[in-house]
Amino acid sequence: MGNAKESVKAAIESGKTVLGIEFGSTRIKAVLIGEKNEPIASGSHEWENQLENGIWTYSLDDIWAGLQDSYTKLAKDVETTYGTVLTTVGAIGFSAMMHGYMVFDKEDNLLVPFRTWRNTITGEASEKLTEMFQYNIPQRWSIAHLYQAILNGEEHVKDIVFQTTLAGYIHWKLTGEKVLGVGDASGMFPIDIQTKKFDGNMIAKFDEAVAGKGFSWKLSEILPKVLAAGEAAGTLTEEGAKLLDVSGNLKAGIPLCPPEGDAGTGMAATNSVAVRTGNVSAGTSVFAMIVLEKELSKVYPEIDLVTTPSGDLVGMVHCNNCTSDLNAWVNLFKEFADSFGIKTDMNQLFSTLYNKALEGDADGGGLLAYNYFSGEPITGFEQGRPMIARTPDSKFNLANFMRVNLFTSLGALKVGLDILLKQEGVKVDKILGHGGLFKTKGVGQKIMAAAMNAPVSVMETAGEGGAWGIALLASYMKNKKAGETLDTYLDEQIFAGSEGVSMEPDPVDVKGFDAFIERYKAGLPIEHAAVEHLN
């Protein structure tokens with residue numbers, strides 16, 4: 001073994017590594033990072049949400065099986081690569097999809113199946129709370145799920161003792177601590193930017209609104225304790241160690257950082273926690289986050305306000321649909337090639353088709369596509385129907401077809417971003433792109449720059465995503481100097497010299513995307529008709 005491998009092995013054996021695990025919507029990923037915060041081992045587990053009784057959910061069995069599988073694969077990777085058994089690490093962090101609804105009774109039993117962020121079943125609660133708080137409460141927020149369950153008169157609500165998110169649940173089971181990082185917490189209930197805790201006035205308003213129901217609990221009693229990045233959040237218990245590592249090799253006592261949401265880990269993984277920076281995560285769903293200099297002038301239903309892992313205000317545009325339809329079309333082309341006996345490499349196929357889009361007309365040649373697999377609250381849809389439409393004289397060719405499918409993957413996002421950038425005049429100095437859409441070099445990046453009319457960078461490490469991001473937050477807790485802020489730590493310790501390749505927006509593309517978006521907005525009634533008539 002070379003010297004580099006030997007020193008990594010030594011770091012592993014002396015517990016100088018940090019473990020990050022993130023539960024994404026299709027994959028659970030574990031990443032181990034070394035002393036220079038670089039990934040040294042990983043393991044992942046594919047999983048899918050289930051639609052049960054009209055509710056998108058993941059079962060608890062699937063959650064634990066997925067966690068154990070991804071950890072087992074990571075431990076095996078360590079053993080194969082470095083010839084040593086993983087028995088300890090310096091710190092651990094968990095992150096997961098934000099929002100949704102997980103509530104437990106006094107025996108710690110889950111009261112109803114986990115309702116994920118993907119459900120759009122809380123419209124009434126979302127509207128009433130937004131009015132009550134004068135603060136945008138999106139449908140997927142945990143408080144909207146709780147209030148909807150109350151409005152529905154659901155029997156289980158009276159028995160709630162604890163409510164948390166997926167990351168908060170896993171952290172609690174492994175440490176016994178009912179805590180949550182401020183970024184993840186900001187997707188449960190609004191945060192007071194001054195105190196960096198749940199907003200006390202809004203909690204009082206909520207308690208008052210449900211006082212007549214006679215519940216034995218007050219809201220502040222059932223929510224987790226909020227922690228900022230860098231704070232200690234408990235240690236791995238004996239029971240927790242067995243839950244995580246079925247082989248029994250991992251020792252208890254390892255410190256954990258506050259559990260975070262995928263939004264916060266995305267900010268950490270792309271070094272976009274400082275003011276006037278932003279990042280776009282584009283995969284199955286897509287969200288853009290911009291760290292704001294000040295509060296917005298009014299409440300916008302399209303803009304969620306969350307926070308960075310340190311508690312700074314972030315304007316976030318979140319869309320349920322991004323690359324699913326695009327991937328479905330790429331798979332169709334793969335099937336076409338396979339039918340002719342042509343062996344296709346998926347990466348090459350994506351690259352060829354994505355690059356083809358750059359040859360298309362600036363506005364996509366008059367084609368129109370909607371990529372709505374599920375509802376899209378930003379444009380007012382509770383369900384979706386993927387579709388492509390055109391006029392007889394649209395320029396229907398492969399380049400325009402691919403271009404419009406790329407455009408539409410960012411269509412709903414652009415509708416929301418235009419509010420921040422054009423109406424509120426929010427300033428952005430740099431945007432970082434990460435996720436599947438940006439894998440093909442220079443294509444998703446160019447389209448994104450056109451959508452935002454701002455420079456977009458993609459970093460080599462961005463592919464590491466949220467699991468690496470939460471590992472960095474655990475590393476920050478373990479290694480920060482006194483008084484060192486998260487943005488300074490990321491700038492100096494992690495990203496120094498790896499700014500990634502930046503791409504300026506092309507004015508022709510910007511104009512083309514703007515023309516497409518007008519067509520997209522004008523065509524929304526076609527999508528409404530499809531939802532209504534195509535069952």
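A salt bridge here is a side-chain nitrogen of Lys or Arg within 4 Å of a carboxyl oxygen of Asp or Glu. The views below come from a predicted model, in which local features need pLDDT of at least 70 and side-chain atom pairs count only at pLDDT 80 or more, while totals for chains, interfaces and linings use all residues. Residues are numbered from 1 along each chain as its sequence is written, and side-chain values use heavy atoms, with hydrogens and water left out.

View 1. The side chains of Asp338 and Lys334 meet in a salt bridge, 2.9 Å from N to O. Both residues lie in helix α11, residues 324-339. Helices (H or I, at least four residues) and strands (E, at least two) are DSSP runs, numbered from the N terminus. Asp338 and Lys334 are 4 residues apart, about one turn of the helix. Asp338 is partly exposed at 34% relative accessibility. Lys334 is also partly exposed, at 24%. The terms have these cut-offs: buried is under 20% relative accessible area, exposed is over 50%, and partly exposed is in between, with a 1.4 Å probe and protein chains only.

View 2. Phe336, Phe340 and Ile342 make a nonpolar surface patch of about 360 Å². Patches are made of residues with over 30% relative accessible area and no salt bridge; like charges are joined within 9 Å, and nonpolar side chains (Val, Leu, Ile, Met, Phe, Trp, Tyr) within 5 Å. Accessible areas come from the Shrake-Rupley method with a 1.4 Å probe; for residues, only the protein chains shown count as cover. Phe336 sits in helix α11. Its relative accessible area is 53%, so Phe336 is exposed.

View 3. Arg276 and Glu293 pair through their side chains in a salt bridge of 3.5 Å, N to O. This pair links distant parts of the chain, 17 residues apart. Arg276 is in the loop between α10 (262-269) and β14 (277-282). Glu293 is in the loop between β15 (286-291) and β16 (304-307). Arg276 is partly exposed, with a relative accessible area of 26%. Glu293 is exposed, at 52%.

**View 4. Ser272, in the loop between α10 and β14.** Ser272 lies in this loop. Its relative accessible area is 1%, so Ser272 is buried. Not counting residues up to four places away in sequence, Ser272 touches Gly266, Met267, Thr277, Gly278, Asn279 and Val291. Contact means heavy atoms within 4.5 Å. Asp61 is 211 residues from Ser272 in sequence and 34 Å from it in space, C-alpha to C-alpha.

**View 5. Ile290 in strand β15.** Ile290 belongs to strand β15. It is buried, at 1% relative accessibility. Beyond its neighbours within four places in sequence, Ile290 has contacts that include Thr277, Gly278, Leu313, Val314 and Gly315. Leu417, Leu420, Leu421, Val426, Val428, Ile431 and Met452 are also among its contacts. Met102 is 188 residues away along the chain, and its C-alpha atom is 28 Å from that of Ile290.

**View 6. Helix α18 and two of its residues.** Lys521 and Glu518 form a salt bridge of 3.9 Å, N to O. They are 3 residues apart in helix α18 (residues 507-522), about one helical turn. Lys521 is partly exposed, at 37% relative accessibility. Arg519 is in helix α18 too. It is buried, at 18%. Outside the four places on either side in sequence, Arg519 touches Asp363, Gly366, Leu367, Leu368 and Tyr370.

**View 7. Helix α4 under cover.** In helix α4 (residues 142-151), 9 of the 10 residues are buried. They are Ser142, Ile143, Ala144, His145, Leu146, Tyr147, Gln148, Ala149 and Ile150. The cover over these buried residues includes α3 (123-133), β8 (162-164), α7 (200-210) and α8 (219-222). Just after α4, Gly153 takes a positive phi of about 70°.

**View 8. A salt-bridge network.** Arg403, Lys446, Asp506 and Asp509 are linked in a network of salt bridges. The count of salt bridges comes to 21.
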